[in-house]
Amino acid sequence: MPQDEINTTEEIDLTTIEVAETPNVNIPTETVEVVNNNLFEEAEQKITEIGTIGQELQSETDEYSPEVSLLAQKAIDIDNEIKKIKERGTQLTNMDIIHSRISNLKKQNEQDPDTIIPMGQIEQAIEYSSIASRRINALNEDELMQFADEIYVLQNVLNKTIDKGLSDIPKEDYNRHLQERLTRYPKSFEQNRQLLGVENTAYEQIGFNKLSSKTKERYLHNICSVNHEMYKTHKEGAYWFGFIAHREETPEALLLQQITNDPSKILSSQEEEILFEDEKNTFKVHISVPYERKIDVLKAIMKAKGSDAEISDKLFFEKKLNGEENPIITNKEMDEAGTKANSFFSYKMLDDEASNLNNVADFIIYSLKTDERSAKEITEKIVSQLKNILEPLNLPQIEKMPRYSTPVVINGETVPAISVVQGNGDFKDYLMRNDPATLDRFYDRSRNYALRPNESFTFSQ
Amino acid sequence: MNATEINQRVQELNLLLGYIYKRLVEIKDQRGMKALTNQLQNATR
């Protein structure tokens with residue numbers, strides 16, 4: 001069996017495999033110069049020979065000794081340089097192979113619309129891409145972006161192939177379509193997530209902050225999909241995740257809109273009281289971190305969300321196996337099963353532009369009340385879960401407290417990065433501008449106007 | 001660094017390694033010669 005047809009279902013030792021060493025006879029070679037591995041072999045041989053003779057010569061001390069030491073050191077330096085170059089060469093060759101395979105699949109897919117590419121070929125390309133993604137540190141930004149593009153193409157090939165394979169089932173028949181997809185392509189959802197993760201390794205190597213605005217969104221979409229979370233949109237200076245709570249067009253909401261959009265709008269005392277009453281159940285949790293740590297926070301949250309999704313799936317299928325037709329997983333069951341981030345479903349991360357404003361938090365997590373718990377109780381749970389999620393990151397204390405936010409203190413110790421707020425910042429801004437005496441009456445000045453005078457939290461460890 | 005540059009650089013480094021090896025062999029020979037000369041001198045003393 002030629003190596004090209006390796007069985008990808010076999011266990012592959014990812015620590016030792018080198019994609020570059022797998023020749024592919026089916027792929028037409030392009031007329032570009034390739035890395036000449038013979039040169040590396042030649043160098044390795046010479047270094048071994050130098051090592052042998054060098055060791056022999058270094059055992060003796062005479063007028064030649066300084067020169068021998070110098071030459072031996074020079075050989076070590078060259079050896080190190082060659083190792084680095086070889087790694088770069090391997091990674092470039094890996095990329096060539098990935099490129100050849102994927103463009104080959106793409107061509108097949110486009111040339112004959114009726115041909116269904118054997119899934120084995122696609123799976124092999126996925127496996128190769130995944131292995132190659134573990135060694136991309138020697139690639140430059142352009143090459144990394146090219147790699148990400150290739151992986152995106154492979155996702156399209158995979159999805160088009162699945163579509164072709166399910167063309168006998170009307171897409172409108174959603175349940176049957178899904179059922180058949182699970183039967184015919186049981187690994188396809190996982191494969192898609194795998195590819196999104198592989199694509200993201202390239203973006204992470206470049207660094208989130210250096211990505212273009214469009215690629216940042218792609219990265220966020222991918223990281224969410226990989227972790228069964230929803231990336232909603234980029235709007236109003238923030239990237240939104242989970243659900244966006246719909247705010248009904250109540251008179252209070254309209255008033256709030258007016259003071260936000262029209263700085264000349266003046267509220268009557270009665271209107272101020274109405275807004276104040278309306279926001280008594282509005283709570284938010286803030287996360288403020290140094291600019292370069294923002295993405296670490298997001299990744300930690302995503303990891304927790306991904307782990308929660310797995311727990312929730314497990315509970316769902318257990319119930320299904322026990323005969324429940326439409327199982328519902330309660331929050332209590334999720335808590336008992338050890339979920340880490342099931343207290344929040346709506347949150348946003350501010351984009352660079354918004355983050356540059358000094359008085360806003362980098363993350364805003366909305367506290368949404370449930371049938372069992374008030375928004376305040378949910379806030380306490382969010383704080384507790386976030387504290388655990390962020391603990392391993394060793395984040396520093398907040399340098400500049402976000403507007404109207406107050407630190408979380410548990411047992412006399414201030415929790416890093418996390419702060420809480422009650423009410424609406426825009427309303428407080430309005431009062432600060434137009435009626436500071438009322439702001440002082442409504443909210444506790446000594447706590448940065450974050451909470452009402454008699455409001456307090458009971459944070460658990 | 002692309003494939004062409006990689007090949008060029010490794011060729012250069014191979015040349016340098018060749019020089020180092022050659023020089024070490026020379027040193028080994030010179031030491032050998034020196035030892036031999038010493039032996040001869042001692043024998044003829």
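Predicted model: local features only at pLDDT ≥ 70, side-chain atom pairs only at ≥ 80, totals over all residues.
Residues are numbered from 1 along each chain as its sequence is written, chains are lettered from A and ligands numbered from 1 in the order in which they are written, and side-chain values use heavy atoms, with hydrogens and water left out.

**Where chain B meets chain A**

- On the chain B side, 25 residues are in contact with 32 residues of chain A (contact means heavy atoms within 4.5 Å).
- Together the two chains bury about 2,800 Å², and 68% of that is on carbon and sulfur atoms; buried area is the accessible area (1.4 Å probe) that two parts lose on being put together, summed over both.
- Glu56(A) and Lys28(B) form a salt bridge, with their closest N and O atoms 3.4 Å apart.
- The side of chain B that touches chain A splits into 13 nonpolar, seven polar and five charged residues. Here Ala, Val, Leu, Ile, Met, Phe, Trp, Tyr, Cys and Pro count as nonpolar, Asp, Glu, Lys and Arg as charged, and the others, Gly among them, as polar.

**The sheet in chain A**

- Seven strands make an open, antiparallel sheet in the order 1-2-4-5-3-7-6. Strands (E, at least two residues) and helices (H or I, at least four) are DSSP runs, numbered from the N terminus, and two strands pair if DSSP finds at least two bridges between them.
- At the edges sit strand 1 (231-235) and strand 6 (406-410) of chain A, each pairing on one side only.
- Strand 1 and strand 2 (residues 238-242) of chain A pair in the antiparallel sense over four bridges.
- Tyr239(A) in strand 2 is the bridge partner of His234(A), and Trp240(A) in strand 2 is the bridge partner of Thr233(A).
- These two strands form a hairpin with two residues between them, and Glu236(A) in the turn has a positive phi of about 50 degrees.

**Salt bridges overall**

- Over all chains, the structure holds 35 salt bridges.
- One of them joins the side chains of Glu44(A) and Lys86(A) (3.3 Å, N to O).
- That pair links distant parts of the chain, 42 residues apart: Glu44(A) is in helix 1 (residues 37-58) and Lys86(A) in helix 2 (residues 65-111) of chain A.

Key: Salt bridge = Lys/Arg side-chain N within 4 Å of Asp/Glu carboxyl O.
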